[in-house]
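Please keep the model in view while going through the numbered points.

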Amino acid sequence: MGIEIRNLSHIYNPKTEIETVALNDVSFTFKDRFFTAIVGETGSGKTTLVQHLNGLIYPDKGEVKIDDYVLTSNKRKNKKVLLKIRKEVGFLFQFSEYQLFESEVIKDVMFAPLNFKYSEEEARKLAIEALKKVGLNEDIYCKNPLDLSGGEKRRAALAGIIAAKPKYLILDEPTSGLDQKGKDDLYKLLLELYNDGINILIVTHDMDTVLKICDDVILMSNGSIVKHCDTLEFFKDKQIENYGIKIPKIFEFCNEFDKNFSNIRCLDDFIKELKNHAK
């Protein structure tokens, strides 16, 4: 059970002048419970990799195993398991507001449960639970999604995913465009979802987010995985700067300030530690 990637390769525009190897013989197994970040420079293969995990694109070579379901280069066989895989793996796109399409928020959030064969009554119940989970009040349920604010649209899109009760949740650049309060609200929500049993995978360039909430990090470069380790261990390795990774300033400062502060993940943690040392 879980997610296993075996010898996965993917090429865009094969046998043309603009042929691009996006993934090159990638193999990786996610542990039973994970809150993981995938990082790397633009074009390193991050998004291509995660798009394979719920069948948005198919392998050219190799396979992706999601629990008991397998995706390969065989499109006919893939179609037989695609709905089951997408039930297991929810995907929130970078511009998640474009995932909203129904005339009312409640209908939009009900869409996935209905698509996965829940009854209308069950789908409405799941949708309301999900909307409450993401902090959207009842007064917006009958609104057109296009009338929501940017932050509300993102939360509504996320509600539409978690309403289907996925086992795995993938988010592509989830903090893009958010102010600090928006990020903090998202952190809190993702940690709640993780504690509810959902495994989380984040594709991001936001190293502050990685440091604050992720347990481990996968670093990609040129279509391959070059490093995978615990988050704190990851940022202690200066070699990651060779791959365009900027070490969070709070992490650098704390490690230079005092070795006792080497496990600090955010400014709030640093302040708490200072107060503890002052006692």
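1. Asp 196 is exposed in this predicted model, because its relative accessibility of 52% lies above the limit of 50% used for that class. Its side chain meets that of Lys 133 in a salt bridge, with 2.7 Å from N to O. The two partners are 63 residues apart and link distant parts of the chain: Lys 133 belongs to helix α4 (residues 120-133), while Asp 196 sits in the loop between α6 and β8 (199-203). Lys 133 itself is partly exposed, with a relative accessible area of 30%.

2. A second pair deserves attention. Asp 184 and Lys 212 form a salt bridge through their side chains, at 3.5 Å from N to O. Asp 184 is part of helix α6 and Lys 212 is part of helix α7 (residues 207-213), so this contact ties together parts that are 28 residues apart in sequence. Both partners are partly exposed: the relative accessibility is 31% for Asp 184 and 28% for Lys 212.

3. Over the whole model, the count of salt bridges comes to 10.

4. The pockets may be examined next. Rolling a probe the size of a water molecule over the atoms shows where empty space is left. The largest pocket has a volume of about 520 Å³ and is lined by 22 residues. Those that lie nearest its centre are Gln 99, Phe 111, Ala 112, Gly 160 and Ile 161. Two or more lining residues come from each of the elements α2 (75-88), β6 (89-92), α3 (105-115) and α5 (150-162). The largest share, 4 residues, is supplied by α3. By class, the lining holds 14 nonpolar, 5 polar and 3 charged residues.

5. The second largest pocket has a volume of about 360 Å³. Its lining is made up of 16 residues, and Val 134, Arg 155, Gly 182, Asp 185 and Leu 186 are the ones nearest its centre. Helices α5 and α6 (180-195) each contribute at least two lining residues, and α6 gives the most, with 7 residues. What is the make-up of this lining by class? It has 6 nonpolar, 2 polar and 8 charged residues. The student may wish to set these numbers beside those of the preceding point.

6. Strands β9 (residues 216-221) and β10 (residues 224-230) pair in the antiparallel sense over 6 bridges. Across this pairing, Ile 218 stands opposite His 228 in β10. The two strands form a hairpin with 2 residues between them. In the turn, Asn 222 has a positive phi of about 50°.

7. Most residues other than glycine have a negative phi. Asn 13, although not a glycine, has a positive phi of about 50°. The residue is placed in the loop between β1 (3-12) and β2 (20-29), and it is partly exposed, with a relative accessible area of 40%. Lys 165 also has a positive phi, near 60°. Its place is in the loop between α5 and β7 (168-172), where Lys 165 is partly exposed at 47% relative accessible area.

8. The final point concerns a contact between residues separated in sequence. Where is Gln 94 found? Gln 94 is found in the loop between β6 and α3, and its relative accessible area of 27% makes it partly exposed. Gln 94 and Ser 176 are 82 residues apart in sequence, and their C-alpha atoms are 7.3 Å apart in space. Leaving aside residues up to four places away in sequence, Gln 94 touches Arg 154, Asp 172, Glu 173 and Ser 176.

How values were computed. Residues are numbered from 1 along each chain as its sequence is written. This is a predicted model: local features need pLDDT of at least 70, side-chain atom pairs count only at pLDDT 80 or more; totals for chains, interfaces and linings use all residues. Side-chain values use heavy atoms; hydrogens and water are left out. On a 1 Å grid over the protein atoms alone, a cavity is a set of points where a 1.4 Å probe fits but cannot get out, and a pocket is an open set with protein on both sides within 12 Å along at least five of seven lines; lining residues have an atom within 4 Å of a point. Grid points are joined across faces, edges and corners, and a volume is the space filled by probe spheres set on the points. Ala, Val, Leu, Ile, Met, Phe, Trp, Tyr, Cys and Pro count as nonpolar, Asp, Glu, Lys and Arg as charged, and the others, Gly among them, as polar. A salt bridge is a side-chain nitrogen of Lys or Arg within 4 Å of a carboxyl oxygen of Asp or Glu. Buried means under 20% relative accessible area, exposed over 50%, partly exposed in between (1.4 Å probe, protein chains only). Two strands pair if DSSP finds at least two bridges between them. Contact means heavy atoms within 4.5 Å.
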